[in-house]
Amino acid sequence: MLEIKKRYFYGMVALWSMGGMAFAQSASEVSTVVVKDKKVERVGDELRLSMRFVLDSITLGRGQTLVCTPVVESGDSLRALRQVIVNGRDRHILYARLDRQGTDAIELRRRNGELQALDYEVRVPYADWMEQSTVSLVMDDCGCGWETLASDRSKLFEIDLKPVVLAPRMVYVTPVAEEVKARSMEGSAFLDFPVNQTTIQPDYRDNPSELAKIRRSIEAVRGNQFASITGLTIRGYASPEGAYASNARLAEARAKALLDYVKGQYDFGSAQLKVESEAEDWAGLERAVEASDLPDKVELLAIIRADEPADWDAREWKLKQLNGGAPYRVLLNEIYPALRHSDYEVDYTIRNFNLDEARELAFTDPGQLSLNEFFMVAETLEPGSPRYNEVFETAVRMYPDDPVSNLNAAINAIEAKQFDKARGYLAKAQDCPEKRLAEAALAMHEDNLDQAERLLTPLANDTRVGAAAQDNLKQIEEKRRKASR
């Protein structure tokens, strides 16, 4: 097949159409060729076209010829395809006697008045410009030259082989702005006290390192120029060893002693300082036994979890009696020490930031920002840029369990085509229209169009995501339409 510039083409068609034959000079009765069942596809390096030429309305004299030349064209590029030559009776006989070496034209005799059609197929080398082009039909029944041919050119159909690249739309969720950015820092200290004593001895056993943990937490907040301590709570716990009433007194007194120690180290101003206590940490005992590999684990847990006896001392007695007391000795030596602890919680607030401050802190000290402030910064950045992506990744790192931070991080990951990461974030996002829209987008990217459609259809009229859902459904429809051609 030949590929040539348009300005030369039509004159050449006239020469090809002649094929060594002179056209009849009598008035033409030729009518319109109807083209049906048009199909075009790209297969590897080939462009394949097929169509059906319906000749029912064509009337040719015995000496007439009609040459039909399909062409593919786009811009200044054009390629002529295999010709179809329709002859009257005499022309058909003459054509059969000619030497047609070097031509692949399809020739047939028109039988006037009869239903007649030709199934046409052609394969040509594919060129990039054909991706979006036009197929036209040039008909010549007189050999009148390229000007007449140009005027007789009929557009058949458009070729659009440009692949549909799905670009599903998603909708980020704007985090609710916090009027007060209240935060807390928690920890546990395992202080050692001499038997039945409640006075803290800072240098006793491991107390120096345990007290240092509390001081580090308090000083971390006090050293934050943007933070203010609003409260400190100490919760004291004792192990189930001994009488419950005695343990209750010890737990409370030791918690008060720790608070007094801390108050002696720092000035808390108007911050609210509280002491709470729990006589025996049975919940901690249950967790520790559950995580252990003790041979009597099942029996121990049955006693710990039972509703009876309701009296804690009686329940401890059952633990002591189990299997001759051997399991209890393990509890006493290996598990009970960790149940004698003081938990602390430092409550504080961080002031809100304007946009300029938030933009700087997002990349230098992100722990100061609220989710809303992260989002505010992201809106000022180029979507998809490294810093834009970093903001969402940092936000979910600062707020790993927040459903909104996980949803927005999932949307950002989908846009970056990090689909495995997106699935992990979506698992922690709360169900909402924006999440279902993101799940549909993920399905679209993975070419699971049926699943995407099922998710999108109910969202099409949603007030928050309806426009995006409708656009995504249109993309799916377009991809299916092209795939079916």
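Visitor: Which residues does Val262 touch, not counting residues up to four places away in sequence?

Guide: A contact means heavy atoms within 4.5 Å. Leaving out residues up to four places away in sequence, Val262 touches Ile214, Ile218, Leu232 and Phe268. This is a predicted model, in which local features need pLDDT of at least 70 and side-chain atom pairs pLDDT 80 or more, while totals for chains, interfaces and linings use all residues. Residues are numbered from 1 along each chain as its sequence is written, and side-chain values use heavy atoms, with hydrogens and water left out.

Visitor: Which residues touch the most other members of the largest nonpolar core?

Guide: In soluble globular proteins, nonpolar side chains tend to be buried together. A nonpolar core is a set of buried Ala, Val, Leu, Ile, Met, Phe, Trp, Tyr and Cys residues joined through side-chain atoms within 4.5 Å. Buried means under 20% relative accessible area, exposed over 50%, and partly exposed in between, with a 1.4 Å probe and protein chains only. Here the largest nonpolar core has 61 residues, and Ile200, Ile218, Leu258, Val262, Phe268, Leu407 and Ile414 touch the most other members. A second, separate core has 32 residues, including Val40, Val84, Leu108 and Leu156.

Visitor: Is Ala212 buried or exposed?

Guide: Ala212 counts as buried because its relative accessibility is 15%. Ala212 is found in helix H4, residues 207–222. Helices (H or I, at least four residues) and strands (E, at least two) are DSSP runs, numbered from the N terminus.

Visitor: What lines the largest pocket?

Guide: On a 1 Å grid over the protein atoms alone, a cavity is a set of points where a 1.4 Å probe fits but cannot get out, and a pocket is an open set with protein on both sides within 12 Å along at least five of seven lines; lining residues have an atom within 4 Å of a point. The largest pocket is lined by 29 residues, with Phe193, Ser239, Glu241, Arg254 and Arg340 nearest its centre. Helix H5 (244–265) is one of the elements that supply at least two lining residues, and H5 gives the most, with six.

Visitor: Which residues line the largest cavity?

Guide: The lining consists of Pro175, Leu371, Phe374, Phe375, Val391, Phe392, Ala395, Ser405 and Asn408. Helices H11 (371–378), H12 (386–398) and H13 (403–415) each supply at least two residues of this lining.
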